[in-house]
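These are my notebook entries on one structure.

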Amino acid sequence: MSGWQKVQYNLRVIFMAFEIELRQSFTDAFVLFGIIVQPMIVAFMALWMLKDQVANYAIFVVVGSAMTGLWTTLLFQGGNSITGERWTGTLEPLSCVPAPLRVVVSGKLLATITQSLFSIVCCYAFISLLMGLPLNIAKPWLFAGSVVLTVVAFIAFGLIIGPLFILNPDVQRFQNGLEFVVYIFSGFLFPIALLPMWTTPFSYILTPYWAARALHAASGGTGSDAEIYFCWAMLVVFSLIYAIISKFLFKSILRKAREDATLNMQ
Amino acid sequence: MSAIEVSNLQRDFQTTIGVFKRKKKTVSAVKGISFEIAHGELFGLLGPNGAGKTTSVKMLTTLLIPTGGTARILGFDIVKDAEKVRPRVGFIFGGERGLYWRLNATDNLRYFASLYYIDPAVSKKRIPYLLEMVGLKDRADEKVEGYSRGMRQRLHIARALLHDPEVLFLDEPTMGLDPVGARELRQTVRNLQNEKKTILLTTHYMFEADALCQRIAVINKGEIVAMDTPARIKDTVNDLSVIEIEVFGIPPETFEKIKSLPVVESATVEDRDQRQLLLVHTSKGAEAIPLLVSQLNDLKLGKVTTREPTLEDAYVRLVGGE
């Protein structure tokens with residue numbers, strides 16, 4: 001099989017995994033809560049908290065609360081993407097196919113993120129129609145570009161979380177805690193400048209931080225074009241680093257699962 | 001070159017015991033098994049629960065890494081060449097897991113076809129063909145969660161055959177199926193054999209192995225204790241007779257006493273509703289009946305018969321009456 005053919009087949013795998021995941025998760029009430037109800041609750045609270053503190057605050061809240069929905073579903077669905085297959089007994093057949101597991105998981109994560117992008121639409125409708133607040137995106141093209149790179153960056157982040165939860169189940173016990181840590185360190189709903197200085201490097205290595213910064217700057221017009229392009233560059237660099245790390249993580253979890261006989265859990 | 005070559009294959013598992021002072025314990029599930037399977041052969045691996053059948057199959061399908069020994073499938077090493085082995089083998093494990101229950105049969109197969117890098121034009125023809133072959137054509141658009149156990153098992157077979165593998169591993173495929181479903185599945189296995197597939201079938205149903213397999217290996221406690229054709233394995237118990245005694249409520253100590261009698265080669269008890277069937281293998285034939293009955297004189301007895309040994313009796317002798 002030629003390299004190009006392999007790329008074509010892997011793209012098809014991503015598309016199929018995307019389709020299958022979407023079909024399955026749209027019947028899951030937890031997922032629907034995470035992408036529709038939770039962002040609205042967060043948006044409602046944030047609107048009151050930030051009313052007189054942030055310029056163009058309504059769009060800031062839409063983007064910020066949508067990011068929380070995105071991160072929540074990624075953390076729980078992406079984090080459990082491999083564990084879930086193991087519990088349903090499908091990890092064994094998935095591990096014995098020519099398509100690499102990380103390609104399959106990429107398709108599943110793309111579906112997860114697509115659902116979450118739906119959060120933005122829900123939040124937008126909630127704030128603009130029900131609450132009657134004006135919502136204007138200052139730099140629409142840069143906003144659109146930021147959304148695309150955010151999707152890529154979140155897939156890369158998800159590719160690290162899934163295998164990490166398998167390699168070290170102790171991390172999974174802190175899943176709920178991780179949800180708020182990333183909200184705070186990524187500046188979804190308030191700037192990280194409000195945090196102690198020593199936490200800043202931690203924010204810088206998180207792709208959600210660069211995604212939130214780019215999206216806030218492009219939607220609210222609070223940042224220059226140069227700043228947005230810099231955020232894009234950071235998103236690309238860290239996504240590549242995450243992708244390389246995830247390749248090794250996947251290789252090592254599959255090897256370890258074969259050694260420890262943990263591909264299947266009864 | 002054989003299709004499957006297994007040489008001194010071993011697999012140990014580490015477990016921990018105790019709560020506060022945890023100690024590691026090594027359990028040997030497979031203790032150095034060796035066998036070869038020719039191209040197009042249907043080979044049976046027989047053994048009681050926990051004998052090491054599934055562990056062996058999982059190693060051969062690259063799902064488990066052996067702790068010792070080697071195995072080659074179509075010339076490829078199961079550890080070093082795992083990526084070359086996988087597209088060439090198909091497997092099904094007994095049970096209902098391993099499918100996407102919220103999807104229908106067609107979508108399950110479409111998904112796995114993409115994972116096996118099957119060209120969409122090919123899978124478009126192959127999926128309806130396989131669904132027809134396993135008898136699911138009329139229910140193909142229904143969600144798997146509404147399927148019976150037998151239907152799910154047949155869908156597993158269709159999934160395993162999607163990429164038209166040369167070698168198939170069927171691990172207790174009829175486990176839990178009703179008699180009609182099991183018979184249909186055995187017919188499917190026969191059809192696959194007619195297509196010259198190399199098949200390794202594990203089972204603990206003797207009649208199934210007898211009816212389907214060209215050769216059988218009996219595995220017990222991780223070791224192969226016999227390997228031959230079903231007819232030759234049956235010949236190993238030609239010197240024995242089987243005495244069947246219907247008994248009501250046999251206590252364990254009485255059973256142990258019977259097992260220890262010098263005339264008894266091996267013995268088992270099968271539950272039959274409110275009674276039990278005591279099966280005794282002996283070289284003494286009907287002569288042993290009075291001695292056996294004398295051991296059961298406090299109990300209510302039913303029919304007492306003698307018969308010729310079967311493959312199942314050979315199996316019982318080989319695995320020590322377990």
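**Entry 1: a loop residue in chain B.** I began with B:Tyr117, which sits in the loop between helix 3 (105-115) and helix 4 (120-133) of chain B. Helices here are DSSP runs of H or I with at least four residues, strands are DSSP runs of E with at least two, and both are numbered from the N terminus. The phi of B:Tyr117 is positive, about 60 degrees, although the residue is not a glycine. With C-beta atoms placed from the backbone, a residue is buried if 20 or more others lie within 10 Å of its own, exposed if 12 or fewer do, and partly exposed in between.

**Entry 2: the source.** I noted that this is a predicted model, in which local features need pLDDT of at least 70 and side-chain atom pairs count only at pLDDT 80 or more, while totals for chains, interfaces and linings use all residues. Residues are numbered from 1 along each chain as its sequence is written, and chains are lettered from A and ligands numbered from 1 in the order in which they are written.

Entry 3: I then turned to B:Asp164, found in the loop between helix 5 (149-161) and strand 7 (167-171) of chain B. Its phi is near 50 degrees, a positive value in a residue other than glycine. B:Asp164 has 15 other C-beta atoms within 10 Å and is therefore partly exposed.

**Entry 4: strand 8 of chain B.** How many residues of strand 8 (residues 198-203) of chain B are buried? I found that six of its six residues are, so the strand is mostly covered by the cut-off of 20 or more C-beta atoms. On one side lie B:Thr198, B:Leu200 and B:Thr202, on the other B:Ile199, B:Leu201 and B:Thr203, and all are buried.

Next I looked up the partners of strand 8. Two strands pair if DSSP finds at least two bridges between them. Strand 3 (residues 42-46) of chain B runs parallel to strand 8 of chain B and is joined to it by five bridges. B:Phe43 has B:Leu200 in strand 8 as its bridge partner. Strand 7 of chain B is also parallel to strand 8 of chain B, again with five bridges. Here B:Leu170 has B:Leu201 in strand 8 as its bridge partner.

**Entry 5: chain B as a whole.** I counted eleven helices and 14 strands in chain B. Its C-alpha trace spans about 70 × 50 × 45 Å along its principal axes. Of its 322 residues, 42% count as buried. The domain assignment, whose bounds come from an automatic or database source, gives domain 1 (4-228) and domain 2 (236-318). The centres of domain 1 and domain 2 of chain B, taken over C-alpha atoms, are 35 Å apart.

Two residues are in contact if their C-beta atoms, placed from the backbone, lie within 7 Å. Seven residues of domain 1 of chain B are in contact with four residues of domain 2 of chain B. On the side of domain 1, helix 7 (206-212), strand 9 (215-220) and strand 10 (223-228) of chain B are the elements that give two or more residues.

**Entry 6: chain A.** I found twelve helices and zero strands in chain A. Its C-alpha trace spans about 55 × 40 × 35 Å along the principal axes, and 47% of its 266 residues count as buried.

I checked helix 6 (residues 101-130) of chain A by its length. A:Gly132, which follows helix 6 of chain A, has a positive phi near 65 degrees.

**Entry 7: where the chains meet.** What does each chain give to the contact? I found 24 residues from chain A and 21 residues from chain B. On the side of chain A, the elements that give two or more residues are helix 1 (3-25), helix 5 (91-95) and helix 12 (225-260). Helix 1 of chain A gives the most, with seven residues.
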